[in-house]
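User: I am new to this structure and would like to learn how to read it. Could you walk me through some of its features?

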Amino acid sequence: MTSKEIPVKAGVKSRRIEVDYLARVEGEGSLRVDVEAGELKNVQLKIFEPPRFFEAFLRGRALTEAPDITARICGICPVAYMMSAVHAMENALGIEIDEGLRRLRRLLYCGEWIESHVLHIYMLHAPDFFGYDDAITMAKEHREAVTRGLAMKKAGNAIVKLLGGREIHPINVRVGGFWSIPAPEKFAALLDELRWGREAAAATVRWAADFDFPDLHRDYEFVALSHDDEYPFNEGRIVSSKGLDISMQDYPQHFEERHVEHSNALHSVRTPSQEPYFVGPLARFNLNRKKLSTDTLALAKAAGFDRTIDNPFESIVVRSLEVFYAFDEAIRLLEDFQTPAQASMPVAVKAGIGMAATEAPRGLLFHRYEVDADGLIVTANIIPPTSQNQLTIEDDLRDLVAANLSLSEKELTWRCEQAIRNYDPCISCATHFLKLQVRNVGAD
Amino acid sequence: MSAPIKILGVGNVWRGDDGVGPFIAGQLANRLPELTIRSCNGEITGLLGEFEHCNELLLIDAIDAASANLRPGSVLRLDAGDPALTQSGLRASSSHVLGVMEALTLARTLDLLPDKCAVIGVAGKRFEHRQELSPPVQRAAETLVEDLSREYDHA
């Protein structure tokens, strides 16, 4: 991170601080904070990566291509894109998958949550809590922790590689199921690594729970999937902490995307209130905590986290708990593994509209497709979690900056970056590097 | 038995010139079947995993010609410990914040770096969504395939 102060207005005691490169965020964007005469005026999280036009790429393509095309949107969470795509297409075609296949989809999602969360916890977010610039610097003094994180991520990679065909941009997912199911002994061979990972995840929870968390509490509307019996990955209703309880297919009636001038990513708001909302690990945890496994709940209780979490800085502990749960759930699925009767359900093409949301590591990922009678995509709409959280991130920053104007520029900048990373934003998904600009006009 | 040698092409084949590493690795795999030659997209744990079980590693990656102030198609070959690597533009062409430079530095910190580790960087100019290499990068890649095939033929 580098910063410089430059005058912005001749004759006025003013300053602008620019941080040229905000590390440890996936994607390209910037933050601008305007402070005038000691008062916060404006906060804008800008995403300037050009829109990636994936929705346009999809038009005219076969509906069966949607999982593989959308998986290219993100190298961090391709499984989420594949899952939302296949569920939406299956919704359009009226396909119900059997229990064996849905268990394998949960297993695949466990792998992605482990990969994505562990990368964020150890490589991107934990350095904030120790005051290190990056994980490499942290590794010099916290070698054991960093080594543990790398090994845990490798275990998640192993699940995705086996079931998805490769670690990054998996290719084995298809509408109706999978292209092929690996042999049972290959699943069994994962168990020892996953059991080690489960213990490493418990150590991660205890490690992260001891961090010092900056104080930030706001009245969020948490939004997540909720399933009757399970901590949500692929299925359930969309619920919120303020009473929303709708089917996935009702999403467009309750949420709206709007363009803002300062960002290439669309901002999502609730309708009709036009209020921001919060998706991701905290939302899932607060709305579904009781559906975590017994051991995950015991771990949360021992760490002092068996409660509603409304401080986004504590998200690193919730992510760690979700990593433990993902290992726990993966082990459960594998210990009770039975090869599905068929790798995929039959797919009969017809015209229709399909919608689905699944829980990407960063939160709710909604897909809507209209397909024609030939199975070609007519329209596609993809709403990633980072664009849904963008307004909430800005609101967090607004409160955080307003409450911490006494901090030095360096400290305030650091705190803002840390607050952005609470959301593990994937700006590549939302439309890549974040630049931070604090413009402070007329300060004493 | 000689120490295992691994050649790793790093990059994203869907991002234009960023795919030069995997392109070269794919060509070399056909010519040098006795070596371990792989491709990866540059994700840090995947990269660190590739540092295992080899004593000599050659990484081939795209570098951003503009950042490194090089002409597209230029080729750099540096030891992984060479301080010049940090100014080579490797980082700028990665689609991930944690990429080759970070993996090399972290590997050194955690004593995971193979005994011999070198990086070949090919300066690219087009990193948008496309599968084709730009003409100067394509020519540089073909020359490198010939040169590396001869260099490692009896390794």
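Analyst: Gladly! Keep in mind that this is a predicted model. Let's begin with a pair of strands in chain A: β13(A), residues 363-371, and β14(A), residues 377-383, pair in the antiparallel sense over six bridges.

User: Which residue of β14(A) stands opposite Val371(A)?

Analyst: That is Ile377(A). The two strands form a hairpin with five residues between them, and in this hairpin Gly375(A) takes a positive phi near 80°.

User: Thanks! Now, how do I describe two helices that pack together?

Analyst: Two packed helices are described by the angle between their axes and the distance between the axes. For a case in chain A, take helix α4(A), residues 99-130, and helix α14(A), residues 409-421: their axes come within 9 Å and cross at roughly 150°.

User: Why are α4(A) and α14(A) called roughly antiparallel?

Analyst: Angles over 145 degrees count as roughly antiparallel. The axes cross at roughly 150°, and therefore α4(A) and α14(A) are roughly antiparallel to each other. The crossing is left-handed.

User: Which residues make the contact between α4(A) and α14(A)?

Analyst: From α4(A) come His120(A), Leu124(A), His125(A), Pro127(A), Asp128(A) and Phe129(A). On the side of α14(A), the contact is made by Trp414(A), Gln418(A) and Arg421(A).

User: In what order do the strands of chain B form their sheet?

Analyst: The five strands form an open sheet in the order β2-β1-β3-β5-β4, with mixed pairing. At the edges are β2(B), residues 36-40, and β4(B), residues 75-79, each of which pairs on one side only. On average, neighbouring strands of this sheet are turned by 20° against each other, direction ignored.

User: What packs on that sheet?

Analyst: Helix α4(B), residues 100-109, does, touching β1(B), β3(B) and β5(B). The direction of α4(B) makes about 145° with that of β3(B).

User: In which sense do β1(B) and β2(B) pair?

Analyst: They pair in the parallel sense, over five bridges. Within this pair, Gly9(B) stands opposite Ser39(B) of β2(B).

User: What can I say about chain B as a whole?

Analyst: Chain B has 155 residues, and buried residues make up 57% of them. The chain exposes about 6,800 Å², with carbon and sulfur atoms supplying 49% of that area.

Definitions and conventions: Residues numbered from 1 in each chain as written. Chains lettered and ligands numbered in written order. Predicted model: local features only at pLDDT ≥ 70, side-chain atom pairs only at ≥ 80, totals over all residues. Heavy atoms only, no water. Pairing = 2+ DSSP bridges. Helix = DSSP H or I, 4+ residues; strand = E, 2+ residues; numbered from the N terminus. Axes fitted to C-alpha atoms, helices over the stretch in contact; angles between N-to-C directions. Contact = heavy atoms within 4.5 Å. Buried < 20%, exposed > 50% of the residue type's maximum accessible area, 1.4 Å probe, protein only. Areas by Shrake-Rupley, 256 points an atom, 1.4 Å probe, with all protein chains shown as cover. Parallel < 35°, antiparallel > 145°, perpendicular 65-115°, else oblique. Left-handed = near helix turned anticlockwise from the far one by under 90°.
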